[in-house]
Amino acid sequence: MVAKKIVVQGSGDRGIYYRRAGPRERVYFKSDEVRACIVTCGGLCPGINTVIREIVYGLNYMYGVDDILGIQGGYRGFYSKNTINLTPKVVNDIHKRGGTLLQTSRGGHDTQKIVDNIQDRMINQVYIIGGDGTQRGAALIAKEVERRGLQVSVAGIPKTIDNDIVVIDKSFGFDTAVEEAQRAINAAHVEVESVENGIGIVKLMGRYSGFIAVFATLASRDVDCCLIPESPFYLEGHGGLFQFVEKRLKEHGHIVIVVAEGAGQDYVAQSMNATVEKDASGNKLLLDVGPWLSQQIKDHLTKVRKMTVNMKYIDPTYMVRAIPSNASDNIYCTLLAHSAVHGAMAGFTGFTVGPVNNRHAYIPISHVTERTNTVKLTDRMWARLLASTNQPSFIHNDELIKEDVDLNGAADAVDYKKIGSTST
Ligand SMILES: Nc1ncnc2c1ncn2[C@@H]1O[C@H](COP(=O)(O)OP(=O)(O)O)[C@@H](O)[C@H]1O
Ligand SMILES: O=P(O)(O)OC[C@H]1O[C@](O)(COP(=O)(O)O)[C@@H](O)[C@@H]1O
Ligand SMILES: [Mg+2]
């Protein structure tokens with residue numbers, strides 16, 4: 001078993017344990033009985049093709065399965081499109097390309113029609129690659145399959161560029177995205193340090209979770225301020241962004257700001273008088289914070305403060321997620337795919353695979369959909385970022401919500417001697 005939490009309070013309970021992923025001694029399906037299918041849903045992410053490839057290879061080379069169907073165009077493809085046959089030859093070098101060989105879509109999840117189709121095509125293993133929305137859909141499919149008494153295994157493989165899926169350590173493609181984001185930050189930095197009062201603004205993805213922005217900021221060291229959806233900011237007055245920008249320009253002659261696309265949405269909506277729109281999956285369509293922020297800062301500095309500034313705005317959002325995965329993500333994708341194959345072949349269903357404290361595990365789908373993974377403002381990572389950029393936190397201490405974080409360590413753990421003390 002794999003422990004969900006490995007840092008615990010001494011007096012706390014032992015928490016939740018998940019089944020460790022991997023090959024099983026006893027396999028539920030016979031090779032020639034298996035008809036598997038793979039579907040990809042939601043936004044793109046580096047590494048999707050690697051996962052598809054490795055599911056096909058894993059099924060074929062490890063278990064001798066050769067009946068694998070590709071469902072095209074996301075969930076709606078189950079009932080509106082023809083399938084394609086996936087063989088090792090077909091998927092051989094797709095890992096070198098970004099995107100998804102199978103195409104993807106938002107919306108169109110119809111549990112009854114999808115399960116009817118699974119039944120009609122006599123599919124008994126369903127591999128579903130997608131984010132939080134997709135996993136919610138997968139849970140409904142697994143439930144309906146169970147209700148109909150079908151012997152079908154439903155396996156979820158979590159995909160999200162935003163790293164917003166809980167329980168798992170990190171989502172695949174995230175490291176690749178952070179690396180690519182750094183290239184944009186680097187370009188912004190080069191541009192702004194080459195001019196007088198250069199202001200570089202780089203917009204990165206992150207609808208509700210600012211992980212890409214936070215990690216790219218921490219990795220790059222060229223960022224002066226990182227704005228994320230979890231941390232509301234303000235522009236005017238003491239401790240506001242305008243004051244900080246002006247101060248940095250005076251000190252360094254330039255400034256680089258990274259803004260996650262979901263940051264400051266209320267602020268933008270208020271100033272644009274915009275109404276909330278949704279995409280086909282029901283996700284809130286975001287207002288474009290990047291150009292808005294650039295304009296606000298420029299207007300303030302030039303019109304109010306009578307300064308001359310050089311604004312350079314970079315939006316690499318789609319470039320960051322449309323690339324193939326890097327070496328470590330490729331290996332990670334392979335592990336995910338093989339774990340899913342082992343789990344389905346063993347006859348498990350209604351699970352999502354993923355690393356939990358560095359060990360791959362089978363996680364009930366409901367555990368990864370119950371909430372969204374977000375950057376915790378009371379956690380160490382955000383504190384590290386604030387220490388690295390020295391940006392304003394935009395909040396007062398008394399506003400901080402006390403969260404259940406492991407700040408104190410285990411009460412009965414071995415305590416180390418402190419410098420200058422005589423007891424341990
Ligand atoms: N609550 C839900 N129940 C069933 N299906 C859902 C749900 N939320 C999203 N889906 C379906 O999952 C697919 C992908 O969802 P979306 O939110 O666009 O991307 P992601 O899975 O990457 O979060 C879409 O086809 C959508 O219809
Ligand atoms: O323009 P699209 O394709 O709808 O995608 C935009 C959204 O997709 C994401 O990249 C990822 O979202 P999902 O993982 O939920 O698909 C978000 O960061 C972004 O807001
Ligand atoms: Mg999502």
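According to an unreviewed UniProt entry, residues 36–342 carry the annotation "domain: Phosphofructokinase". In this predicted model, that span is 45% helix and 16% strand, and its end C-alpha atoms sit 13 Å apart. Here's a quick tour of the ligand shell, the sheet and a pair of crossing helices.

**Around ligand 1**
- Ligand 1 has 21 residues around it, and the closest ones are Gly 42, Gly 131, Gly 133, Gly 137 and Ser 281.
- Sorted by type, the shell comes out as 15 polar residues, three nonpolar and three charged.

**The nine-stranded sheet**
- Nine strands make up an open sheet with mixed pairing, and reading across it gives β1-β2-β15-β14-β7-β6-β3-β4-β5.
- At the edges you'll find β1 (2–3) and β5 (84–85), each with pairing on one side only.
- In general, strands of a sheet are held to one another by backbone hydrogen bonds, in either a parallel or an antiparallel fashion.
- For strands β14 (residues 351–356) and β15 (residues 359–364) the sense is antiparallel, with six bridges between them.
- If you want a spot to look at in that pair, Val 353 stands opposite Tyr 362 of β15.

**Helices α6 and α7**
- Helix α6 covers residues 174–193 and helix α7 covers residues 211–220; their axes come within 9 Å and cross at roughly 60 degrees.
- Because of that angle, α6 counts as oblique to α7.
- As for handedness, α6 passes α7 in a right-handed crossing.

Note on methods:
Residues are numbered from 1 along each chain as its sequence is written. Chains are lettered from A and ligands numbered from 1 in the order in which they are written. This is a predicted model: local features need pLDDT of at least 70, side-chain atom pairs count only at pLDDT 80 or more; totals for chains, interfaces and linings use all residues. A residue is near a molecule or strand if its C-beta atom, placed from the backbone, lies within 6 Å of it. Ala, Val, Leu, Ile, Met, Phe, Trp, Tyr, Cys and Pro count as nonpolar, Asp, Glu, Lys and Arg as charged, and the others, Gly among them, as polar. UniProt positions are given in the numbering used here, feature names are shortened, and annotations may be inferred rather than shown by experiment. Helices (H or I, at least four residues) and strands (E, at least two) are DSSP runs, numbered from the N terminus. Two strands pair if DSSP finds at least two bridges between them. Axes are lines fitted to C-alpha atoms, for helices over the stretch in contact, and angles run from 0 to 180 degrees between N-to-C directions. Angles under 35 degrees count as roughly parallel, over 145 as roughly antiparallel, 65 to 115 as roughly perpendicular and the rest as oblique. A crossing is left-handed if the near helix is turned anticlockwise from the far one by less than a right angle, and right-handed if clockwise.
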